[in-house]
Amino acid sequence: MKTIILKPDNNGINEAVRLLKSGEIAAIPTETVYGLAANALDPAAIEKIFIAKGRPRNNPLIVHVSDLEMAKGLGLEIPLLAEKLAEKFWAGPLTMIFKRKSPTVESRLPAEVSCGLDTAAVRVPAHETALEIIKVCGFPLAAPSANASGSPSPTKARHVYDDLNGLIPLIIDGGECGCGVESTVIAFEAGRVRILRPGAVTPEQLQEFAEVIIDDVVLADCQPSTVNRQLPSPGTAHKHYSPKAQVIAVVAESEDAFLSYTAEADFIIAKPEANTFFAKLREFDNHGAKQIFIRLPEPKGIGLALYNRIIRAAEFNVIKAKE
Ligand code: TXA
Ligand code: MG
């Protein structure tokens, strides 16, 4: 298959819509990372996403809608708290998990989009191009990050091309993604919010609306060998965000301590930042890095999302810098 790259002008948007309407997939920019989109109501189109990414069959997809109204039409139970959060954070990097309505009320979303779970994840991307494509299509788009499964998430069209060239028909090049880290994934329980994947919306921001629980999967080692409970968000168990180089996560008292500890290393990230983190991993790979040392940030604010990505990229290989 030939992969073409188009600008997000009328021509590009029309081509994306044409492909999506005909049951094809297309990579599109969002404010977080690039997404690999398909009609969320079409199981055959969803299947193409799993094949192109090499995505494990038990890792459910996020459904992207243009607004709360569209979310309400999907046959999901949307609690009042979620409506409040939608008012504040949509369009934006917050993904909310809702229960499907009882089987007697038919959910419009096929089981394939959430891998047979009785829930579905929904968000409204804060990106002009993504919103325009959803609106013109008139149906919701299932879209995971547009990388090959396991590799760092794509924040530039080039990253998508490097991973999926020949596997997808179209990439819309909307430039660099603003956030650079994925959406925050939350579930609801008895008026509380449970963070399953930390992201661009911070726990502190959510705390203004409800009690927030950070699920154990966020900071813990969730590799299948170490966890034997049912995971609330299946994606957390898989190899993730990993460049070709070995990543070593470093706990250091100070930046100086980190710098002196890694003085001999060629590839280091002393101060991970959300909008450049994934791009740096890819850039280091392109420079032939064998090892990348990354200082773990404090796990609060956006630092929690970075911490979560770094320990996964490092496959839980965390060491302490000696003073
Ligand atoms: O920012 C983002 O969220 C990007 C852009 C493209 O929107 N998308 C993204 O998708 O990061 P993906 O597939 O790479 O990650 C989706 C995460 C996974 O951890 C998955 O397990 C979780 O959301 N998820 C999806 N549906 C779920 C559900 N019904 N229950 C629990 N977790 C779910
Ligand atoms: Mg992903």
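User: Is E315 buried, partly exposed or exposed, and what is its relative accessible area?
Analyst: Buried means under 20% relative accessible area, exposed means over 50%, and partly exposed lies in between, using a 1.4 Å probe and the protein chains only. E315 sits in the loop between α10 (302-313) and β16 (318-320); helices (H or I, at least four residues) and strands (E, at least two) are DSSP runs numbered from the N terminus. E315 counts as partly exposed because its relative accessible area is 42%.

User: What should I know about the model and its numbering before going on?
Analyst: Happy to set that out: this is a predicted model, in which local features need pLDDT of at least 70 and side-chain atom pairs count only at pLDDT 80 or more, while totals for chains, interfaces and linings use all residues. Residues are numbered from 1 along each chain as its sequence is written, chains are lettered from A and ligands numbered from 1 in the order in which they are written, and side-chain values use heavy atoms, with hydrogens and water left out.

User: What is the phi of E315 near?
Analyst: E315 is a residue other than glycine, and its phi is positive. The value is near 45 degrees.

User: Which loop holds Y241, and what is its phi?
Analyst: Y241 is buried, because its relative accessibility is 4%. The residue is found in the loop between β12 (212-214) and β13 (246-251). Although Y241 is not a glycine, its phi is positive, at about 55 degrees.

User: Which peptide bond is cis, from W90 to what residue?
Analyst: The bond in question has omega near -10 degrees. Its second residue lies in the loop between α4 (80-89) and β6 (94-100). The cis peptide bond runs from W90 to A91.

User: How many helices and strands are there, and what is the radius of gyration?
Analyst: The protein has 10 helices and 16 strands. The radius of gyration is taken over C-alpha atoms, and the globule rule is 2.2 Å times the number of residues to the power 0.38. For 323 residues that rule gives 20 Å, and the protein comes close to it, so it is as compact as a globular protein of that length, with a radius of gyration of 19 Å.

User: What share of the residues is buried, and what are the spans of the C-alpha trace?
Analyst: Of the 323 residues, 57% count as buried. Along the principal axes, the C-alpha trace spans about 60 × 50 × 35 Å.

User: Which elements do the buried residues of α5 pack against?
Analyst: Helix α5 covers residues 128-137, and its buried residues are T129, A130, L131, I133, I134 and C137. Just after α5, G138 takes a positive phi of about 80 degrees. With contact meaning heavy atoms within 4.5 Å, the buried residues of α5 pack against α1, β2, β4 (62-64), α3 (68-72), β8 (141-142) and β9 (170-172).

User: How far apart in space are L74 and L109?
Analyst: L74 is found in the loop between α3 and β5 (76-77). L74 is buried, with a relative accessible area of 0%. L74 and L109 are 35 residues apart in sequence, and their C-alpha to C-alpha distance is 6.4 Å.

User: How many salt bridges does a search of the whole structure find?
Analyst: A salt bridge here is a side-chain nitrogen of Lys or Arg within 4 Å of a carboxyl oxygen of Asp or Glu. By that rule, the search of the whole structure finds 15.

User: Why are R18 and E15 about one helical turn apart, and how close are their N and O atoms?
Analyst: Both belong to helix α1 (residues 10-21), and because they are three residues apart there, about one helical turn separates them. R18 is partly exposed, at 46% relative accessibility. The two form a salt bridge whose closest N and O atoms are 2.9 Å apart.

User: What is the N to O distance between R123 and E31, and how far apart in sequence are the parts they tie together?
Analyst: R123 and E31 are both buried. Their side chains meet in a salt bridge at 2.8 Å, N to O. R123 lies in strand β7 (residues 119-123) and E31 in the loop between β2 (26-28) and β3 (35-39), so the pair ties together parts that are 92 residues apart in sequence.

User: Which residues are joined into one network with E189 and R192?
Analyst: E189 and R192 form a salt bridge, with the closest N and O atoms 3.3 Å apart. E189 is partly exposed at 25% relative accessibility, and R192 is partly exposed at 31%. Salt bridges that share partners join E189 and R192 into one network with R194, E211 and D215.
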